[in-house]
Amino acid sequence: MRVLVIENFAGTPLGQVGTALAEAGAEIDVRRAFAGDAVPDDHHNHDALVVLGGGQSAVDDEDSPWLPKLAGLTKSFGEADKAVLGICLGAQLVARGHGATNLLDRPIEFGWHEVRPTEAGKADPVVAALGEGGPIFHWHVDTFTLPPGAAHLATSNRTPIQAFRIGRAVYGIQFHFEADRKVVDMWNGYFAAEIAAYAPDWAERSAAEAALSGPQADSTGLAIARAWTRLIR
């Protein structure tokens, strides 16, 4: 099992997806596109694709010129019946590659907030791990319309489309289920200045919120990661 991972931004680790892939014995091929690593031309040398998040928008082609190619790559993997997982910006790129509209500069959704499965999500092999819903970490301003033919799987109070699936195993997931408390703690330091600009009290309240919501979010996130990994053929 060889999995291609595209990092679009510094400080965006695989987190719990990495844990699930390691448990499955996957070989992980990480390409740091933001640092100049090439995005592959096609799907042939990999069994699955993971596209991680970032601070840019999914249509920021001038500053991140690999984005159009990456959006198209998410579609070619899916057309080959290979599993695709886009998280946050990655989900926005999956949406772009499959004909949706990217919606930019909405009010920020940040911190642990509830995500709820739709009826389709409750029956989905991956998003069913949400159960009836619960807290998951969020960090985004952009979102997207539902791609043509996609199943709408999850929602939150601020963002109507939090997850979707196209075909058997192409997933776009807006919320950061991969970010357990270790990743969030790393982000608190690595991105301290950016966070303080819109959540100046975060440094004071993050520990309490992590204690309240983190255990359930971590458990749910790992279950989602393991469920997606089981779809890799």
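Mentor: Bear in mind that this is a predicted model. Let's begin with helix H3, residues 89-97, where eight of the nine residues are buried.
Trainee: Which residues of H3 are the buried ones?
Mentor: They are Leu89, Gly90, Ala91, Gln92, Leu93, Val94, Ala95 and Gly97.
Trainee: Is Cys88 buried or exposed?
Mentor: Cys88 counts as buried, because its relative accessibility is 4% and the cut-off is under 20%.
Trainee: Where does Asp81 sit, then?
Mentor: In the loop between helix H2 (67-79) and strand S4 (83-87). Asp81 has a positive phi of about 60°, and it is not a glycine. With a relative accessible area of 33%, Asp81 is partly exposed.
Trainee: Switching topic: how much space lies in the largest pocket?
Mentor: About 470 Å³. The pocket is lined by 24 residues, and Gly54, Gly55, Gln56, Trp139 and His140 are the closest to its centre.
Trainee: Which helices and strands supply at least two residues each to that lining?
Mentor: H3 comes up again here, along with strand S7 (134-140) and helix H6 (192-198).
Trainee: And how do the lining residues divide by type?
Mentor: Eleven are nonpolar, ten polar and three charged.

Technical notes:
Residues are numbered from 1 along each chain as its sequence is written. This is a predicted model: local features need pLDDT of at least 70, side-chain atom pairs count only at pLDDT 80 or more; totals for chains, interfaces and linings use all residues. Side-chain values use heavy atoms; hydrogens and water are left out. Buried means under 20% relative accessible area, exposed over 50%, partly exposed in between (1.4 Å probe, protein chains only). Helices (H or I, at least four residues) and strands (E, at least two) are DSSP runs, numbered from the N terminus. On a 1 Å grid over the protein atoms alone, a cavity is a set of points where a 1.4 Å probe fits but cannot get out, and a pocket is an open set with protein on both sides within 12 Å along at least five of seven lines; lining residues have an atom within 4 Å of a point. Grid points are joined across faces, edges and corners, and a volume is the space filled by probe spheres set on the points. Ala, Val, Leu, Ile, Met, Phe, Trp, Tyr, Cys and Pro count as nonpolar, Asp, Glu, Lys and Arg as charged, and the others, Gly among them, as polar.
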